[in-house]
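Hi,

Here is the structure we talked about.

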Amino acid sequence: MSALLRGGYVVTQDSARRAFAGDVRIEGDRIAAVGATDRSADEVLDCTGCVIVPGFINLHNHVPNTLLRGLADDVPLEAMLPKAAAMDTKFTRRDVQVGALLGCVEMIRSGTTSFHDLFYWEDEVSRAVRESGIRGFLSWVTLDESLTTQHGNPLKNADAFIGKHSEDRLITPSVGVQGVYAASEETCLRAREIADRRGVRMHMHLSETRGEVEAHRKATGLRPIEWLEKLDLLGPRLTAAHGVWVTINEIRMLARHRVSVAHCPVSNMKLASGGVAPVPEMLQEGVVVGLGTDSPISNNTMDLLSDMKVAALLHKSSRWDAAVMPAQTVLDLATIAGARALEMEGEIGSIEVGKRADLAVVSMRGVHTTPFYPENVISHLVYSCRGSDVRATIVDGQVLMADRVLRTVDEADVVARAQETARELFEA
């Protein structure tokens, strides 16, 4: 099958950050041509008045928690976690699959083509991935067995999940770690052993709150990043979510070991974690940083377009510097930098011939994006656009949504099932 995105404005996010009026042609699951073309295709999408961008990459999420949206608003992390854990004990496999599918639909509708999940029962999340057609980097979370709500041993569960999903086209399995506050040295080392043996990545929460950092320092004499370096857990296959309470020496430690960081500004602000993740310093020191929404319980939405704006404004405001975190840098976080964090920059994250056809088409015809012209396209994407401006989403060459209509799943049915599932959970 072939597809042609005709007559749009292409923001390539390639190494030169080229942007120009033109077309994108897709053959099978790959981008076959970028620029003006007179060839037709099996399907032609009219992109007049729209921008064609690489699909957004959500670098940190807990997708099934769509079912917990609105459960713990206006409380800090320490109060939110017990509420989430109480609901986790009620979750069935069906609940996780329904919640994950709802999350996949929400991300597709707002132009996200890849997400990096951290949860348990990732085999049920993988079902949602296959059904919806989105790309999933799925990390089965591990923690001390005495602290988990999972059925069985988390480490054995993670190992088994990876073994079952190592050959899936849309699913990349990996090992997750809840965080140093829930995973002992033994658990962390065994998680690393699984990742090494299976040849997969790792994904964990790290230095999200001051309390987490101070408690670990008092217990071990080391800050979390220092402790992980001692355990030899830092490396290019690790993505650490948050990284709010870190020192410049720790940033340099992350850079030296090539650890990537998922910046989650909306979640951190909503939970009043305090401080601001030192992303400008991370970028200056060479740390690869991507953008994540975090859980729907701590963000409420998974709209990366909205989070891009917040990411830019947070750093400008806190630094008293309007030039820090410019629009192009923030767009990088949500596209090519996210791909680089996952060591997938050769396949996704930019619009280049030979890469996988993961694309989003964003309308610039709204009142809030007018006037639109080439000189303001990047700033419009970051400061003016919202998820509802996305007209089409394509993953691996498959058109998942066109003209705002989902093709892979019945959206109304997914919403109805999720509403009923949440009602049963909350009223039980």
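A definition before the findings: angles under 35 degrees count as roughly parallel, over 145 as roughly antiparallel, 65 to 115 as roughly perpendicular and the rest as oblique. The axes behind those angles are lines fitted to C-alpha atoms, for helices over the stretch in contact, and the angles run from 0 to 180 degrees between N-to-C directions. Helices (H or I, at least four residues) and strands (E, at least two) are DSSP runs, numbered from the N terminus.

Two bits of housekeeping. This is a predicted model, where local features need pLDDT of at least 70 and side-chain atom pairs count only at pLDDT 80 or more, while totals for chains, interfaces and linings use all residues. Residues are numbered from 1 along each chain as its sequence is written, and side-chain values use heavy atoms, with hydrogens and water left out.

Let's start with helix α2 (residues 93-109). Its axis and that of helix α15 (residues 411-427) come within 9 Å and cross at roughly 135°, so α2 and α15 are oblique to each other. Their crossing is left-handed (the near helix is turned anticlockwise from the far one by less than a right angle; clockwise would be right-handed). Contact here means heavy atoms within 4.5 Å; residues of α2 that meet α15 include Val98, Leu102 and Val105, and among their partners in α15 are Val414, Ala418 and Leu425. The residues of this contact divide into eight nonpolar, two polar and six charged (Ala, Val, Leu, Ile, Met, Phe, Trp, Tyr, Cys and Pro count as nonpolar, Asp, Glu, Lys and Arg as charged, and the others, Gly among them, as polar).

α2 also packs with helix α3 (residues 122-132): the two axes come within 8 Å and cross at roughly 40°. That angle makes α2 oblique to α3, and the crossing is right-handed. Among the residues in the contact are Ala100, Leu101 and Cys104 of α2, with Val125, Ala128 and Val129 of α3. By class, there are eight nonpolar, two polar and five charged residues.

While you are in α3, look at serine 126, which sits in that helix. Serine 126 counts as buried because its relative accessibility is 0%; buried means under 20% relative accessible area, exposed over 50%, and partly exposed in between (1.4 Å probe, protein chains only). Leaving aside residues up to four places away in sequence, serine 126 touches Leu138, His165 and Ile171. Its side chain makes a polar contact of 3.2 Å with the side chain of histidine 165 (a pair of N or O atoms within 3.5 Å; within protein, one must be able to donate a hydrogen and the other to accept it, and residues adjacent in sequence count only if both atoms are side-chain atoms).

Another serine to check is serine 174, in strand β9 (residues 171-177). With 3% relative accessibility, serine 174 counts as buried. A polar contact of 2.6 Å links its side chain to that of serine 139. Among the residues that serine 174 touches, not counting those up to four places away in sequence, are Leu138 and Ile162.

Ile162 turns up again in helix α4 (residues 154-164), where Ile162 is one of the residues that meet α5. The axes of α4 and helix α5 (residues 185-198) come within 10 Å and cross at roughly 15°, so these helices are roughly parallel.

Cheers
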